[in-house]
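Student: I would like to go through this model with you, one question at a time.
Tutor: Then let us look at it.
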Amino acid sequence: MYTTELDKSPAGQPVTIEDPELLAKFEARVAADDFIEPKDWMPEAYRRTLVRQISQHAHSEIVGMLPEGNWLTRAPSLKRKAILLAKIQDEGGHGLYLYCAAETLGTSREEMIDALHSGKAKYSTIFNYPTLNWADIGAIGWLVDGAAIMNQVPLQRTSYGPYARAMVRICKEESFHQRQGYDLLLEMVNGTPEQKAMAQDALNRWWWPALMMFGPPDENSPNTAQSLRWRIKRETNDELRQKFVDATVPQADLLGLSVPDPDLKWNEERGHYDFGEIDWAEFYAVVKGQGPVAQERMSERRAAWDDGAWVRDAADAHAAKHAARAAA
Amino acid sequence: MSDWQLWEVFIRTKGGLDHRHAGSIHAADAEMALRHARDTYTRRMEGVSVWVVRSADIVASDPGEAGELFEPAESKIYRHPTFYQLPEAVNHM
Amino acid sequence: MDKPLFNALLQMGDDSLVLGQRLCEWSGKAPTIEVDLSLSNLALDLIGQATMLLDYAGQVEGEGRDADRLAFHRDAELFRNSLMVEQPNGDFARTVMRHFFFATYASALYEALSKSSDETLAAIAAKAVKELRYHSEYAAEWVVRLGDGTEESHSRMVKALDWHWRFIDDLFEDDADWAELAERGIVPLRATLRGNFGKRVAQVFGEATLEVPGEVWPLTGGRQGRHSEHLSLVLAEMQVLPRAHPAATW
């Protein structure tokens, strides 16, 4: 799972004046596709942007466990239950890798989690949509993980070493996520009429939110140029979105499902699909935390963290007592 | 509310190989760190052995001193076998 | 059909299935991400065991039912799991206490079963015993941490113990079918595992500064299909799709 960088708020950030010589050296290293490692010198804005982007990505993985978890206890076969549990578990693992990558930049996981729970940090808009039937689990794998893969593959070459290494591991593990989703839908479209109707309903609801996952259009994405230069981002939002549409439409055809976009058609001249306008008002509302189940998602995350406080404290207390006894 | 301390995880992927850094995890004690390392980094049979070490216990070289630390080795080319041109008959040595 | 063997496989398969289902409820809700991952691993092991045991039960029955058929199209009174595994998760203390009891019992059971005269069962047990030994150690470490940790965690563990102690006899009950199988050398009498179980509990509780409770009125009946109020709710959720769409495959 992935989130494109969402809360760009350069206004209000303190402007750090960087040493021009160090800055030039840094820019040259990044331009040469060299990796930046935790103890290397880096501009403050680079550090800040990375913490924001990596932690948003981590939050998305963790919050992303919830919509699928909603169907885990209702998975209709033991095989599907095991697959879904393994997939959700992978997402937790990916969140964990990413938090650890961000921690190397000097921000603790606790601070990042606090930022999420206080509403300061963002996560992918997609997880603020509800999962209403079992086919949604297929649609999430196929569309949401499909979109995520588009975003994540180029990030394996991102300039920050720990982030790039986390992405390599994540991409390798996620290769089954999209396939299991498509496999689930294949079974349903070849099943009973009710199953096929569920699959179409799921595509109808997830198509547009999936396209929104790539973030605002390039003309409204002011930091893209700098992020591309710093190799924090490797392709623009619109490029990736187009790639996703081109790859996904034939897959929908193969399922015998129709994409809910009357303007969708192949453009011979461009060699790409043309598609309709995304509802950007909805997108920005969801970014602001007004998605259909945003409140449910956040209250569930907060409850998990708060309910676990006594467990974390107890384990620390036991470790301290144990160490004291060993020392005595 | 507190989070547990950070540990670095090293995994031997199969017998005969070195342990390699895999990533990090949070845990309150060493036993828990091993369990978390196993559950986080060997879900796909990636390992046969795991080491964990408190991140705070790692001593790292300073990248600012990388020049002094590592560049002097560059000139010691006689440490490499290709430095020595031997007659064809014994060149596999 | 070998009815005693069928029933025994249901008892074991249903234990794994219902406990695995309960652990699924923790997904996304654990005290840290690492613990979330660990609980998922426990659940995955249990679901795998349930699949093998119930598939084998279906074979023994010989009426074409597989693990899914048995898991999703059977009513609560036909389930043979112990009362303990169907208990609500409660807080993390209660989940840990249940897992410690169950895995300590089950790892001893499968260790003995790995030498069963029934080869299929022996093979399943040989795989399961490794998983359950890990579960038992994992849970025991948590019992110690939480028992010894803080005042709050200790008192939560005392409550958790109070909740589950009533169901220990049920966990170890040897019904007539099981006793017959024991006679045939296919399973051990559960009663024979009780001594080591008691020793292990006492040892771990010692480290955890928890007291082994005295005698309580035992609640039993799970092995005969007399369950608590909780099981039919667990199943209502788990079985909803296959029951609503009986003609569908997934």
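Student: How many residues lie between β1(B) and β2(B) in their hairpin?
Tutor: This is a predicted model, in which local features need pLDDT of at least 70, side-chain atom pairs count only at pLDDT 80 or more, and totals for chains, interfaces and linings use all residues. Residues are numbered from 1 along each chain as its sequence is written, chains are lettered from A and ligands numbered from 1 in the order in which they are written, and side-chain values use heavy atoms, with hydrogens and water left out. In the turn of the hairpin, B:G16 has a positive phi of about 95°. The residues between β1(B) and β2(B) number six.

Student: Which residue of β2(B) stands opposite B:W7?
Tutor: Strands are DSSP runs of E, at least two residues long, and helices are runs of H or I, at least four, numbered from the N terminus; two strands pair if DSSP finds at least two bridges between them. Strand β1 (residues 5-12) of chain B and strand β2 (residues 19-27) of chain B are paired in the antiparallel sense by eight bridges. Opposite B:W7 is B:I25.

Student: What is the bridge partner of B:I11 in β3(B)?
Tutor: β1(B) also pairs with strand β3 (residues 49-54) of chain B, in the antiparallel sense and over six bridges. For B:I11, the partner is B:V50.

Student: Which residue of chain B meets C:R145 in a salt bridge?
Tutor: A salt bridge is a side-chain nitrogen of Lys or Arg within 4 Å of a carboxyl oxygen of Asp or Glu. Between chain C and chain B there are two salt bridges. In one of them, at 2.7 Å from N to O, the side chain of C:R145 meets that of B:D29.

Student: How much area do chain C and chain B bury between them?
Tutor: Buried area is the accessible area (1.4 Å probe) that two parts lose on being put together, summed over both. Carbon and sulfur atoms carry 52% of it here, and the total is about 1200 Å². In chain C, the residues losing the most area to chain B, together 43% of what that side buries, are C:E34, C:Y134 and C:R145. The area asked for is about 1200 Å².

Student: What area is buried between chain C and chain A?
Tutor: Contact means heavy atoms within 4.5 Å, and four salt bridges are counted between chain C and chain A. One salt bridge joins the side chains of A:K321 and C:D148 at 3.8 Å, N to O. Carbon and sulfur atoms give 69% of the buried area, which is about 3900 Å².
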